[in-house]
Structure formats: C-alpha cells, structure tokens
Amino acid sequence: MRQFLKEVVLRKILILFAHPALEKSRVNVRLIEGVEAITGITFHDLYERYPEMDIDVKAEQNLLKEHDIVVFQYPFFLFGIPALLKEWMDLVLVHGWAFGRNGNALKGKWICHVVTTGGSKASYSKGGYNRFTMKELLAPLEQAAHLCGMRYLPPFVIHGTNVMRPDVIKEHVGQYRKMLKLLADQTFDPVGLCSQENLNDQFRRR
Amino acid sequence: MDSGGFFFQAFVYLTAAVVSVPVAKKLGLGSVLGYLIAGITIGPFVLGLVGSEGQSVMQFAEFGIIMMLFLIGLELQPSMIWKLKGSILGMGGAQVTATALLLMAIALFFGLQWQTALALGLVLALSSTAIVLQTLHEKGLMQTDGGQNSFSVLLFQDIAIIPILAILPLLATAQASSSSIHGDDGHAGGSTWIEELPLWGQTTAVLGVVAGIILAGKYLINPSFRLIAKTRLRELFTAAALLLVISITILMGKVGLSPALGTFIAGVVLAQSEYRHELETNIEPFKGLLLGLFFISVGASIDFDVIAANPALILQMVAALLLLKFFVLAGIGRIFGMSFDNILLFALALAEGGEFAFVLFSFGLNNGVFEASLVNPLIAVVALSMAMTPLLVLLNEKLVQPRFGTMEKEKKSPDTIDLDRKSSVIIAGFGMVGSTVGRFMQANDEEATYLDTDPDNVDLLRKMGFQVFYGDASRTDLLQAAGAAEAELLVIAVGNAAKALEIAGTARKYFPHLEIIARTSDWEESYEMIGMGVKNVYLDTLDVALRMGGDALGRLGHRRYHVSRAMKTFRRYEERHLHELAEIRHDKKELMRATKLRIEDLEQLMLKEKEGLHKDKDLGWDASGHIADDGHMRS
C-alpha cells in the first residue's frame with residue numbers, strides 16, 4: 001500500500017539524452033550512470049536509439065504523452081543543441097500536435113534543459129568571452145517550449161567541464177540527482193524555481 | 001591432308017576457334033555455334049584441314065565435358081541436389097523412358113529387330129550435356145525454370161548411361177566384331193577391373209567407389225589442397241586440380257561408371273570446400289578450351305558424304321528426332337506444370353541427340369548391337385541435331401519468345417510494346433538485388449521498367465502491373481524498346497558478371513546519355529565496370545558486411561552513432577580505393593602490387609581507426625583542444 005501511494009505521488013520524467021560522442025564524454029557519462037534504474041524516470045538515449053537519425057515520430061510522441069516532465073540533456077557545442085536533438089524537435093513537435101489550434105498534447109508539461117559547457121560560468125556573461133548568458137543563449141528553446149504550452153524551468157548547467165576534477169564532477173552528479181528527485185516529487189511545486197537563473201544554485205543552497 | 005604434326009593441328013584448331021567464335025558471337029549466335037561452324041569449316045568436307053584424327057580429338061576433347069560437370073558440381077550444394085531430386089528422377093526418368101520407347105516403336109515399324117530398336121531408342125534418348133549447358137549458361141538462362149529442369153534431365157541421363165552401357169551388350173544380335181573392346185576413352189565399359197565379378201560384386205564395387213570419392217572429397221582432398229596451397233606455387237595447385245579430375249576419370253572408367261558422373265559427385269562434395277573457388281578458376285580455362293575443341297570436333301565429324309548420299313532421308317530423320325523429342329519433353333514440361341516459355345526452352349534445348357550417342361554407337365557397333373550401315377547415317381543425324389540446338393535456342397529467343405513468350409495472358413508482344421508510361425529508370429535483372437531496388441523505388445513513386453531473362457519473373461511482374469520486358473538487356477534493340485533513349489538511369493542488377501559488363505558495354509555505346517548504376521560482385525568486376533566509364537559501382541556485399549560489422553560492434557557496447565559514422569568512413573575509403581585501383585587495372589603486375597598495397601593500406605587504416613578513435617576523429621566533439629587552450633590560458 002505504501003509502495004502504491006509512493007508511486008502515485010511521483011511525476012514521471014523523460015530524459016531525452018543527446019550526446020553524439022559519449023565515448024569521449026567525461027561529465028555526461030557520469031551524470032547518466034544508473035539514471036535509468038530510478039523509478040519514474042525514462043532514460044531515452046537518442047543517439048543510441050537513432051544512429052541513422054531515422055526518428056520514429058509516433059513512438060516519440062507517445063513517449064512524451066506518458067510523461068509529466070521532459071528533460072533535454074546534452075553537451076553544448078558551439079552554442080547549440082546536438083543535431084539529432086534539433087531534428088527530433090523539428091519532427092516530433094509538429095504543428096497540430098504540439099502547437100497550433102489543436103496542438104495541445106504537451107500543454108502543462110514541465111520542460112528543463114540539462115546542459116554541460118566547456119567554458120566557465122564567468123565566460124557566459126556580458127563581460128565574458130561568450131558574451132551571453134545561458135538563459136539568453138537558450139532563448140529559442142525557451143520560446144519553443146512556450147509555443148507548445150509547456151512550463152519552462154531554468155536550465156541545470158554544468159560549466160567548465162574542460163577542466164574539472166573528479167571530486168567536482170561527483171558534486172555535480174549529486175546535485176543532478178537531487179534535482180531529479182525533487183522534480184519527481186508531486187508534493188513539490190516547481191513554480192517556485194521559475195524565477196531562478198539556473199537550477200544548480202538552488203540545489204547548492206539546499 | 002596430312003596434318004604435319006601436333007603443332008600444325010593445334011594451329012588449325014586454334015585458328016578456327018579464334019576466327020569463328022568471335023564472328024559467331026558478334027552475330028549473336030553464341031560460342032557453341034561458332035565452334036561447330038569452325039569444325040565444319042576445317043573438317044574433311046570443306047577445307048579438309050583435319051581428317052580422320054577428328055574422332056580421336058573428340059574423345060580427348062570429351063574430357064572437357066567431364067571438367068564441365070566437375071565445375072557444375074562445384075557450384076551445387078548437396079542440399080540443392082536434394083531439392084532437385086524430384087525433377088531429376090521424375091522428369092529425367094520420364095524423358096528417357098518415354099523417348100526410348102517411342103523411338104523403339106518407330107524403329108520396329110521400320111522393321112528393325114526389337115533388340116536393335118531398343119538400343120537405338122536408349123542411345124538417341126540422350127541429349128547433349130555439353131551443348132545444352134554451355135548454350136544456356138552463355139545466355140544466362142541456367143537459373144530459369146527451363147534451365148534448371150534441363151539440367152535435372154541431363155543429370156539423370158548421365159546417370160542412365162551406366163545401366164545403358166550394361167544393357168547394350170545383352171542386346172547384341174550379331175557376334176561382337178572385335179574382342180578388344182573400345183574402352184580407351186573412359187566412357188565405355190570394357191577392360192574394367194570388375195567385369196569378372198558377379199553382379200552383386202560389381203554393384204558393391206561401384207557403390208564403394210562412389211562412397212570412396214565422397215569420403216576422399218570430405219577428408220582427404222581438402223587437407224591435401226591445404227598442403228599444396230601452402231607451397232604458394234600456383235601451377236602446382238593447377239596440376240593438383242587436374243590430377244584430381246583425371247584420377248576420378250580413370251577410376252570411374254575402371255569400374256565402368258561415367259567419369260562425368262564421378263567428377264560431378266566429386267564437385268558436389270567439394271562445393272563446401274574453401275578451395276572451391278580456386279579449383280574453379282584453375283579448371284575453368286581447360287574446360288573452356290577442351291569443350292571448344294569438342295564442339296569443333298563434333299562439327300568436323302559431320303559426315304557430309306553420308307548426308308550427300310541421301311540428303312532427304314537424313315534431314316527427315318533429323319527433323320523426326322527433334323520433333324519426337326521436343327513433343328515428349330513439352331508433354332513432360334506440361335505435366336510438371338512449367339510455364340509456356342520454360343517449356344519451349346526446355347523442350348528445344350534437349351531435343352537433340354547427345355555426344356554419348358557417338359560413344360554408345362561405337363560401343364554398340366563393337367558389341368554387335370548395331371550394323372555400320374545403320375550407325376553411320378545415325379551419327380550424322382545426331383551430329384546435325386546437335387549443331388541445330390544452339391540455332392534453335394537462338395531462334396526461340398529472338399523470334400519465338402518475343403512473339404509468343406509470356407503471351408498467354410498478354411496481348412502485347414514484348415519487343416514492340418508501347419510504353420504506356422515513360423519511366424526514367426530501367427532496371428536490368430529482377431533477382432534479389434533488382435527486385436529490392438525496384439520495390440524501394442516503387443515505394444517512393446518511381447516507376448521503373450524491368451528487363452529480365454526469367455519468363456516466370458516476367459510473368460509475375462506483369463501480373464502485378466509492372467512494365468517489364470522479357471529478354472537479354474545487353475541487346476540494343478531490347479534496351480531501345482524499354483525506352484533507353486528517353487530514360488535517365490539504367491540500374492544493372494544482374495548477378496552474372498559477364499552479362500552485367502555486356503549490358504554496361506551496350507548501354508555505354510548506344511545510349512551514352514544513360515547514367516548507369518551497377519551492382520558488382522567482386523573487385524575484378526568493379527574494375528571492369530569503372531573502366532567502362534561506369535561511375536556508380538556498388539559492390540553487392542560491402543553494405544551488408546558493414547551493417548553486420550556495425551551491429552556486431554553495437555552489440556559489444558560501442559556507441560551506435562559512432563559505429564554508424566565509422567561504417568560510413570570505412571565505406572568511403574573502400575570505395576575510393578576501388579576507383580583508384582580501377583585506374584591501374586590494365587597493368588596486371590601493377591594491380592597485384594596495388595592490391596597488396598591496398599591490403600596493407602587497409603591494415604593501416606584499421607589500425608588508425610583503432611588508435612585514433614579518441615584523437616583523430618570527430619574533433620568537433622572533442623574537448624582535448626580546449627583543455628590544452630584552457631591550460632595555456634590559465635597558466
């Protein structure tokens with residue numbers, strides 16, 4: 001009975017993971033370790049599932065319907081999302097289904113980006129060499145979510161992955177897990193997080 | 001004319017072949033007819049360059065037939081034979097029995113004794129393995145229903161020779177003319193080890209020899225070839241291959257079996273051997289030459305004196321033999337449910353007398369079964385009927401099939417068909433490759449026009465509403481009829497390398513605007529294709545192999561996307577090398593060096609792939625450069 005109740009109060013999370021070269025990854029590879037075993041989480045490895053980029057649109061849409069929170073997780077190469085994830089967006093989030101007059105399949109679902117960047121946090125600021133903040137650089141994605149009637153959470157960003165000591169990686173992995181756990185908890189209302197710059201600071205404070 | 005020694009004879013035979021075969025091929029007559037014409041030309045009745053020795057040349061050349069059956073055996077898996085057992089026993093048995101009995105009845109009608117009549121029937125029931133298989137093979141018709149069934153019947157006839165040889169002496173009506181029985185050619189039953197044995201002993205010996213061949217093929221020959229291959233002396237392997245065939249021939253002769261059958265069995269046993277291909281390439285040229293020689297000697301042995309003595313009678317007999325056998329075969333084809341086109345092919349191909357008739361006639365003559373006055377005209381009849389066969393098959397292909405082929409349900413004649421729809425693609429060959437290409441294009445709303453030589457395929461495609469032509473796509477008129485002048489693309493999907501190259505040649509010559517997409521089966525064929533100016537060459541095994549390799553890597557835990565990119569890289573290198581090697585293909589020596597280089601290159605590439613996985617490739621997704629930079633900036 002307790003078990004039953006516990007499952008009922010969990011939000012279902014879909015992690016859309018897109019890494020074109022996971023064999024070279026040092027941070028993402030740790031983040032996703034064992035994630036698929038967590039109850040309520042569906043780990044969907046896009047590059048492994050669609051190595052030929054032949055996305056099964058129907059299957060993807062059904063998957064989206066079954067979940068409450070969609071997490072886009074990917075490394076940030078040259079300020080954009082990986083090609084396959086963009087292709088996924090173009091093909092799966094179509095007019096008449098995800099947006100448009102009758103397109104309300106995603107309405108009310110939460111969306112969150114989990115992004116790793118090589119550059120430091122300081123570089124992603126007006127004075128830094130990347131000149132823009134993460135929020136600004138992710139603006140098109142925020143708008144896409146908005147168009148689909150989704151509720152957009154601030155991104156969970158891990159900066160400075162180019163030079164990162166193992167203990168720091170471990171710390172980030174911990175925060176990432178905490179974040180997933182909190183988002184899954186139905187008793188917690190994520191609305192409070194929306195005003196934040198990112199999700200990481202939130203969890204650092206907790 | 002006195003031959004003036006071996007070299008002069010070789011010169012005459014080779015010149016005749018070299019001159020007449022290309023001419024015959026050019027005229028679309030096929031090589032068999034070319035050889036036959038060459039034989040007639042140099043024979044005693046035209047130029048008289050070869051004379052009585054023609055007969056012994058023929059016996060020597062029959063060795064070509066033995067080799068041909070060995071090669072056919074090599075291409076047949078035992079399971080294949082098992083699958084054919086119905087048509088071998090059913091069709092073959094019916095053909096030999098029915099034809100022999102009918103011929104016997106006719107002979108009885110003309111007042112021959114029943115023994116002679118039966119012997120005649122049996123001898124004339126046989127068809128010519130050499131001519132039929134060579135002709136069908138050359139025309140790419142072996143895989144059709146008609147071709148397969150022809151092969152089955154021929155196989156049965158080959159087996160039937162054994163009992164026929166056993167029965168013939170029992171049918172003697174006169175004293176055997178000579179005590180030394182004609183047994184030096186390997187076919188005849190005399191001077192065997194086992195003739196003194198009782199019947200059960202002979203049977204045991206025969207079965208023992210066959211079992212011996214099978215066992216030796218499985219357990220002895222393969223290891224010996226391995227040893228020989230290790231010496232890396234190519235000619236030694238050739239010698240061993242020849243030795244194998246010759247030993248079987250002798251052995252079979254000694255137990256009174258058909259050597260062709262023996263080598264066929266050996267071929268089937270070796271069909272699964274890793275040296276199969278090597279054996280094939282080694283025996284092939286000998287077979288080709290000897291078979292050519294055989295056809296020439298058949299041509300040379302046609303006795304025009306006998307024919308001239310009574311031309312009307314001989315021609316009537318030829319016609320009667322062909323017609324009788326044709327209708328028996330057609331009836332069998334009908335009973336066994338073959339389609340109209342296949343029946344035509346099957347019945348025409350097998351309607352002639354066979355080369356074994358020569359052997360059996362002389363054997364029967366020596367045993368007092370026949371008289372010379374009967375045998376001489378009959379030998380001429382058989383030789384003429386054999387010479388007619390390639391011609392009949394050709395006429396069938398060019399005149400009859402286009403008019404009547406697959407016409408039972410179709411009103412239009414294929415060769416004059418009006419194109420209802422203009423297709424921009426012509427697909428030659430509707431096998432596994434061609435059909436998949438076509439279906440894929442069809443699924444994407446591109447209608448193709450098909451060309452195929454298998455009447456059953458043509459029928460099927462027609463029923464499904466496809467635009468399809470029966471016939472050989474290397475023919476200019478057929479390509480023209482298929483709309484080659486207006487089409488943009490020609491997809492060559494036939495598996496037969498020679499045919500594919502021929503098609504490409506025709507297309508390049510007469511329809512140079514056609515873009516060609518060609519399937520090839522090996523490097524050699526690819527070089528030839530590229531050499532003809534075909535740019536889009538697809539090795540038919542490459543993509544399958546890469547997909548399998550990719551799947552294997554994926555299952556071992558490699559990232560699927562990395563594997564997918566690696567497959568593409570690999571394929572790109574592979575195809576680039578193909579084109580590079582094609583450029584130097586003319587210089588064989590250079591090519592061998594280059595092939596070796598390629599293998600080394602491939603090795604290098606593969607090593608690079610292995611080491612460079614994290615360094616050389618996909619640098620865009622690699623942080624090592626940044627790390628170096630950052631380190632620098634920080635310091």
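This is a predicted model: local features need pLDDT of at least 70, side-chain atom pairs count only at pLDDT 80 or more; totals for chains, interfaces and linings use all residues.
Trainee: Okay, so is A:Tyr129 buried or exposed?

Mentor: A:Tyr129 counts as exposed, because it has 11 C-beta neighbours inside 10 Å. The cut-offs are 20 or more other C-beta atoms within 10 Å for buried, 12 or fewer for exposed, and partly exposed in between, with C-beta atoms placed from the backbone.

Trainee: And how far is A:Tyr129 from A:Gly119 in C-alpha terms?

Mentor: Their C-alpha atoms are separated by 9.2 Å, and the two residues are ten apart along the chain.

Trainee: What about A:Pro155, where is that found?

Mentor: A:Pro155 lies in another loop of chain A, the one between β5 (151-152) and β6 (156-158). With 23 C-beta neighbours inside 10 Å, A:Pro155 counts as buried.

Trainee: Which residues is A:Pro155 in contact with, leaving aside its neighbours in sequence?

Mentor: Two residues are in contact if their C-beta atoms lie within 7 Å. Once neighbours within four places in sequence are set aside, the partners of A:Pro155 are A:His113, A:Val115, A:Met134, A:Leu138, A:Asn198 and A:Leu199.

Trainee: What share of the contacts in chain A come from residues 24 or more positions apart?

Mentor: Among contacts in chain A with a separation of 6 or more, 79% join residues 24 or more positions apart. Chain A as a whole has nine helices and six strands, and buried residues make up 35% of its 206 residues.

Trainee: New topic: how many residues of chain B are in contact with chain A?

Mentor: There are 15 residues of chain B in contact with 13 residues of chain A. On the chain B side, the elements that give two or more residues are α24 (560-583) and α26 (624-634), and α24(B) supplies the largest share, five residues. By class, that side of chain B divides into five nonpolar, five polar and five charged residues; here Ala, Val, Leu, Ile, Met, Phe, Trp, Tyr, Cys and Pro count as nonpolar, Asp, Glu, Lys and Arg as charged, and the others, Gly among them, as polar.

Trainee: Which residues of α22(B) meet α24(B)?

Mentor: From α22(B) they are B:Trp523, B:Ser526, B:Tyr527, B:Ile530 and B:Gly531, and they meet B:Leu578, B:His579, B:Leu581 and B:Ala582 in α24(B). This contact of α22(B) with α24(B) has six nonpolar, three polar and no charged residues.

Trainee: Last one, which residues of α14(B) are buried?

Mentor: In α14(B) the buried residues are B:Ile314, B:Val318, B:Leu321, B:Leu322, B:Lys325, B:Phe326, B:Val328, B:Leu329, B:Ile332 and B:Gly333. If you follow the chain just past α14(B), you reach B:Gly337, which takes a positive phi of about 75°.

Note on methods
Residues are numbered from 1 along each chain as its sequence is written. Chains are lettered from A and ligands numbered from 1 in the order in which they are written. Helices (H or I, at least four residues) and strands (E, at least two) are DSSP runs, numbered from the N terminus.
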